[in-house]
Amino acid sequence: MTSKRRPVTYTTDGVVVRTSNLGEADRIITLITPVHGIVRGVAKAARKPGSKVGGHLDLLKHVSVSVRETRTLHGLSQASTLNGFRGLRDDLDRFSRASYISEMSERFSVENGANQPLFRLLLDTLESLEVTTNPEMIIHFFEMRLLQLSGFSPELSRCVETGVDLEPANHLYSADRGGLVNSDARPVGESALLPASLNTIKLLRFLSRTDIAQAGVMKAGEDENRQLSRILRAQIHHVLDRGLRSEAFMDEVRTRPSHNDEPKASSGSSSGN
Amino acid sequence: MAPSEIAPSAAPPVARLIEAFHRLPGIGPKSAQRLTYHLIRMPQEEAEEFSAAILGIKEKVVLCNTCANIAESEECAICGDLQRDGTRICVVEEPLDVVAVERARVYSGKYHVLHGVISPVNGIGPNDLKLRELLERLRDGSVTEVIVATNPNLEGEATAMYIQQLIGPLGVKVTRLARGLPSGSDIEYADDSTLAHALESRAEIPQRQSDSPE
Ligand SMILES: [Zn+2]
């Protein structure tokens with residue numbers, strides 16, 4: 001006989017994607033887990049120096065944690081670090097990109113929704129970002145795979161407007177319609193068409209069927225990288241209905257020509273909100 | 001409305017105060033109730049003094065023009081203290097961290113309060129912190145060391161790295177509190193001797209890397 005009131009407790013691994021302070025010394029932790037989807041819980045007294053969990057439940061760490069389910073915020077305890085991703089913690093560029101990856105993973109996850117492929121993708125991408133010399137392409141690979149896993153695979157072989165097979169040439173991309181548009185078939189009244197050069201299209205197709213290791217060694221020119229960024233981000237914004245907050249910082253770190261220029265004069269919030 | 005959830009049986013004015021206490025950091029429903037019933041028994045003049053004190057901090061407290069710490073006027077007591085060492089600035093996240101570092105009694109320089117840390121997933125970037133004000137203070141060359149005392153967690157470390165890259169090239173030494181503060185804990189709660197030791201054995205942040213404690 002089990003009492004219905006007895007709380008369920010389980011141990012899971014997960015990646016910490018969000019933290020915020022609660023009360024005097026507690027911390028609310030959001031994790032992405034393979035089986036339980038997004039898990040939000042309270043780590044009691046995590047900000048106190050004596051805490052056994054505070055050092056583990058930090059952003060961008062792969063941890064094991066014990067979860068005690070309650071009706072509202074779960075209780076988190078007995079945390080230990082499985083992978084601290086050190087390489088993402090001592091480099092601003094890698095940190096900013098990993099933040100983008102983790103925010104996107106969170107936005108594409110749901111509570112109590114098992115998503116092992118997404119979790120695996122998140123872990124693989126963080127591992128690659130730690131060491132890669134080609135972070136741009138790792139990010140593009142992640143964006144493409146996340147769209148595919150979520151059922152928003154971009155249409156890359158036929159024109160989404162006319163249905164005809166696309167000739168190997170420069171074309172356009174429509175995030176609204178979720179794919180390439182034949183350069184001749186510019187739909188009336190559609191302003192948000194993005195340029196997609198032949199090389200960019202080849203890279204999009206490559207990304208749609210490669211693995212992360214192959215993506216990590218594929219180099220693209222500056223123009224292609226810029227087009228890939230615009231196309232994949234536009235598609236993600238379209239799916240999510242808004243931008244990601246971490247984009248601003250990632251772009252700022254990446255475009256800083258040297259590290260001795262000052263922050264730009266603040267003009268409102270930098271958040272995509 | 002919410003009061004019914006926390007104090008379902010209390011009279012509306014009582015429930016309203018319980019609810020107000022409950023919104024404060026660190027106050028659970030039980031404490032909120034206890035504080036409210038304590039105030040009910042409080043003499044009239046004491047209660048008036050209490051509410052005037054609350055209104056007073058909203059009307060009279062401002063941020064120091066120089067260091068952004070909480071102050072009574074345009075200049076805080078620390079910035080106005082000529083005895084303090086003006087060649088060093090200790091950068092902290094929040095005003096409460098100034099209190100913590102002061103408590104350790106080993107630091108006699110000035111402060112700078114960022115009012116936050118870089119937090120990409122929350123959309124908080126460098127421009128949302130008091131960083132331009134910090135740069136402004138370094139312009140005349142009198143400051144030789146900036147000690148970054150942000151919390152020992154990822155966002156605190158990233159902010160320290162950013163500050164190093166921002167002001168290191170100006171020829172100002174940028175140091176970070178030594179390891180020893182448990183990672184994940186807040187400086188606000190560090191005990192005085194640990195914080196004193198971390199301050200005394202602070203180390204320069206290397207150019208591309210930060211010493212993120214594990
Ligand atoms: Zn001041």
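Predicted model: local features only at pLDDT ≥ 70, side-chain atom pairs only at ≥ 80, totals over all residues.
Cys67(B) counts as buried because its relative accessibility is 1%, and Cys79(B) counts as buried at 11%. Buried means under 20% relative accessible area, exposed over 50%, and partly exposed in between, with a 1.4 Å probe and protein chains only.

Residues are numbered from 1 along each chain as its sequence is written, and chains are lettered from A and ligands numbered from 1 in the order in which they are written. Local features need pLDDT of at least 70 and side-chain atom pairs count only at pLDDT 80 or more, whereas totals for chains, interfaces and linings use all residues; side-chain values use heavy atoms, with hydrogens and water left out.

Chain B comprises eight helices and seven strands. Helices (H or I, at least four residues) and strands (E, at least two) are DSSP runs, numbered from the N terminus. Along the principal axes, the C-alpha atoms of chain B fill a box of roughly 65 × 40 × 35 Å. Of its 214 residues, 50% count as buried. Among contacts in chain B with a separation of 6 or more, 56% involve residues 24 or more positions apart, where contact means heavy atoms within 4.5 Å. An unreviewed UniProt entry lists "domain: Toprim" at residues 87-182 of chain B. This span is 33% helix and 20% strand, with its end C-alpha atoms 28 Å apart.

For chain A, an unreviewed UniProt entry places "domain: DNA replication/recombination mediator RecO N-terminal" at residues 10-85. UniProt positions are given in the numbering used here, feature names are shortened, and annotations may be inferred rather than shown by experiment. Residues 10-85 of chain A are 0% helix and 59% strand, and the end C-alpha atoms lie 24 Å apart.

Helix α2 (residues 92-107) of chain A packs against two helices. With helix α4 (residues 135-149) of chain A, the angle is about 0° and the axes are 11 Å apart. α2(A) is therefore roughly parallel to α4(A). Residues of α2(A) in this packing include Arg97(A), Tyr100(A), Ile101(A) and Met104(A), which meet residues of α4(A) including Ile139(A), Phe142(A) and Leu146(A). The axes of α2(A) and helix α3 (residues 116-131) of chain A come within 10 Å and cross at roughly 175°, so the two helices are roughly antiparallel. This contact involves, among others, Arg97(A), Ala98(A) and Ile101(A) of α2(A) and Leu118(A), Leu122(A) and Leu126(A) of α3(A). Axes are lines fitted to C-alpha atoms, for helices over the stretch in contact, and angles run from 0 to 180 degrees between N-to-C directions; angles under 35 degrees count as roughly parallel and over 145 as roughly antiparallel.

Ala196(A) lies in strand β8 (residues 193-196) of chain A and counts as buried at 1% relative accessibility. Leaving aside neighbours within four places in sequence, the contacts of Ala196(A) include Leu172(A), Leu180(A), Ile201(A) and Ile231(A). Gln235(A), in helix α7 of chain A, is buried with a relative accessible area of 4%. Beyond four places in sequence, Gln235(A) is in contact with Leu147(A), Tyr173(A), Ser174(A), Ala175(A), Gly178(A) and Gly179(A).

Most residues other than glycine have a negative phi. Ala45(A), in the loop between β3 (37-43) and β4 (62-68) of chain A, has a positive phi near 55° and counts as partly exposed at 31% relative accessibility. Asp241(A) likewise has a positive phi, of about 75°. Asp241(A) lies in the loop between α7 (222-240) and α8 (247-255) of chain A and is exposed, with a relative accessible area of 69%.

How values were computed. Parallel < 35°, antiparallel > 145°, perpendicular 65-115°, else oblique.
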